[in-house]
Amino acid sequence: MTRNERPLTILQLYPRDMNIYGDWGNVLSLSRRARRHGYAPRLVDYNPGDAFPEEVDILVGGGGQDSGQSVIQEDLHAIAPRLRRLAEDGAPMLVICGLYQLFGHDFTTVDGEVLRGIGIFDAHTVGGRERLIGNIVTESEEFGRIVGYENHSGLTTLGPDVQRLGTVVKGEGNNLEDDHEGARHRNVIGSYLHGSLLPKNPRISDFLVEAAARRRYGDFAPAEIDDSLAERAREVAAGRPR
Amino acid sequence: MPTPRFLSPVMRPVTRLIGQGIRYASARRGGGSAFPGLVMEKIDPGFVARQLATLPRGVVVVSGTNGKTTTTKMTVQLLESQGLRVFTNRTGSNFVRGVAAALLERLDLFGRLNADIAVLELDEAHAVHFVKLFPPRYALLLNVMRDQLDRFGEIDTTRKMLARVAAATTGTVVLNREDPRIRRLAEDVRPGTDIAYYGLSEPLRERFPSDDEMRDKRPAAQAEGLPAAGVVLQSFEGTDTVLRVGGRELRTDIHLYGIYNIFNAAGALALTLEVMGDQAREEVLLEELSRVTPAFGRGESVRLGDRTLQLLLVKNPAGFRLSLASATGADYATMIAINDEYADGRDVSWLWDVDFGTLAPGGVDVVSGTRAYDMALRLEHDDVPVGAVEPELRTALRRFAEGSGDKPMRVFCTYTSMLALRRELATMTEVEEI
């Protein structure tokens, strides 16, 4: 089958320093999903100082310790122009937690230190005193119900030039004030949800694969995939105590 | 009723007897092990510190993410082999009120502790609380891994908790030099307190993945720049273990499951050598090490008909990876039970940081627990065949025992699922009382 020869390059951003709470699950799930839809996924790790690959179809980035965030800070700004170009060009990306925050304008820590972000999302984050922790369920028009687990102290507020990813049904989401969770700009998705996010939310995986395929090859024909295990896992997770 | 803040010395024996009475009463009705301690904490907050101050050799705190229970058990055995009377919080109530409860159990009617030294297992958050109450003479700090991050926040936070324990210790802090976060605790130790290290040999270091790098193939620690270790786990084949102590190679048999437990034995030995100093009797220590058995749920075996069933507690990615690496999947019938109750940690994301590929050849017979479907989904992602998904633990266990052929059985289980499985096993065969 010729479609099998169509590669899609999945770039994992900073797996060494920004990888916590099962971020690997997103990359694994996404690459399996791409294969099921008939593409040949190619996984590339990008760590600080590496050469940024010429062709990137999907970019996935994860959470991290505060220490991880400062380690990658300088490198992130070095590659920021490329990331912004990719985002404006419609490349799909998924950034969770720590990188979600740094994809906004800035992150002001509890001590008043300001970590500059790369401004793909019109969003500001400030460090909070308490951690928002627990099972979370949100609703999105595009992706339906999204289930996951949040664990963050940063409080993110979205500006007018960015959409929310979902509306919180159970849990806290971006902050303690509004009911927004995550962010969406073009095909870039940011979220506080791990758990991991993609295995239990295959519609988001499908969206990322489809956006990548259309951008690279101009078309996309989805395969039928049996998601019954994911369905059961979603139901259970949504019903568990916070 | 307002809680009295302090009590006159005349009243103390009375409150202690009240505590001992409650302990007796609650043990009779099968109550929680920490309840009497809670009562003591309320009516006599100075009780724990006052009792521990009577110990001639002070207090040892054992903390870290993985292996506390087995390491504490080993340390107690090693110190007892040297003739010391050891007080410990064996029941697994590893927080201050659990210590109070254990003290009540140990005191005689005259309120005497009758021990030379205490060895206390404390989880990181409770250890911080404890050292404020009573500065330990020794601390044995094992590792900082991703565990229960939903409770403590982040690994760096956990490290800071252990830093407070290291800073409060007055005699010697024993550190695992292979864990970079633990090694760095040397900076937090107060002037005048000694530091001792235990470690791995170069070839073993490669077999011991650290937490930071499931996706990063750099070895856990670089040899250069590592401090010298008093006790080094040199090699092991099966149970045959070689330890390098002060430049000499010593041989013993250690009957524990997996490299991480055997490595913790090196930590327990290092600590014991610090406590005993010149009085240490080495050959007795080596003999005692060969008598160490796993703590409950940490690789203990029960007989079920003519097969064995082994319970393996898993609670974080590094521990699960090490457990998987310790045996070939195809030699066992396998069950995995994942609960997400508070004591397990509500977050199951960590399952995605474990590579289950080694289970693919033999498959997994039964997946169970509140998060059985999350686990099944995880296994599907690594192409591991799953026989059955049965969230209800008792049904799952019986199904596993009856329908998994004649291979020895092993069950990887989270904390509360292990407790439930043990209860069920007790109705099927003989299980040690805990």
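This is a predicted model: local features need pLDDT of at least 70, side-chain atom pairs count only at pLDDT 80 or more; totals for chains, interfaces and linings use all residues.
Chain A contains an open sheet built from six strands, which follow one another in the order β2-β1-β3-β4-β12-β11 and pair in a mixed fashion. The edges of this sheet are taken by β2 (40-46) and β11 (183-185) of chain A, and because each has a single partner strand, one side of each is left without a neighbour in the sheet. From one strand to the next, the twist averages 15°.

At one end of that order, β11(A) pairs with strand β12 (residues 188-191) of chain A in the antiparallel sense, and three bridges join the two. Within this pairing, A:A183 has A:G190 of β12(A) as its bridge partner.

## A helix across the strands

Helix α5 of chain A, which spans residues 202-217, lies across β1 (7-13), β3 (58-61), β4 (93-96) and β12 of the chain, and its direction makes an angle of about 120° with β1(A).

Most residues other than glycine have a negative phi. Against that background, A:C97 has a positive phi of about 50°, although it is not a glycine, and B:N114 likewise has a positive value, near 55°, without being a glycine.

Where do A:C97 and B:N114 lie? A:C97 belongs to helix α3 (residues 97-102) of chain A, whereas B:N114 is found in the loop that connects α5 (96-106) with β3 (117-121) in chain B.

Is each of these residues buried or exposed? A:C97 counts as buried because it has 26 C-beta neighbours inside 10 Å, where 20 or more are needed for that label. B:N114, by contrast, counts as exposed because it has 11 such neighbours inside 10 Å, and the limit for an exposed residue is 12 or fewer.

## Where chain B touches chain A

The two chains are in contact through 24 residues of chain B and 30 residues of chain A. On the side of chain B that touches chain A, the helices α7 (149-152), α8 (155-168) and α14 (372-381) of chain B each supply at least two residues, and the largest share, six residues, comes from α14(B).

Definitions and conventions:
Residues are numbered from 1 along each chain as its sequence is written. Chains are lettered from A and ligands numbered from 1 in the order in which they are written. Two strands pair if DSSP finds at least two bridges between them. Helices (H or I, at least four residues) and strands (E, at least two) are DSSP runs, numbered from the N terminus. Axes are lines fitted to C-alpha atoms, for helices over the stretch in contact, and angles run from 0 to 180 degrees between N-to-C directions. Two residues are in contact if their C-beta atoms, placed from the backbone, lie within 7 Å.
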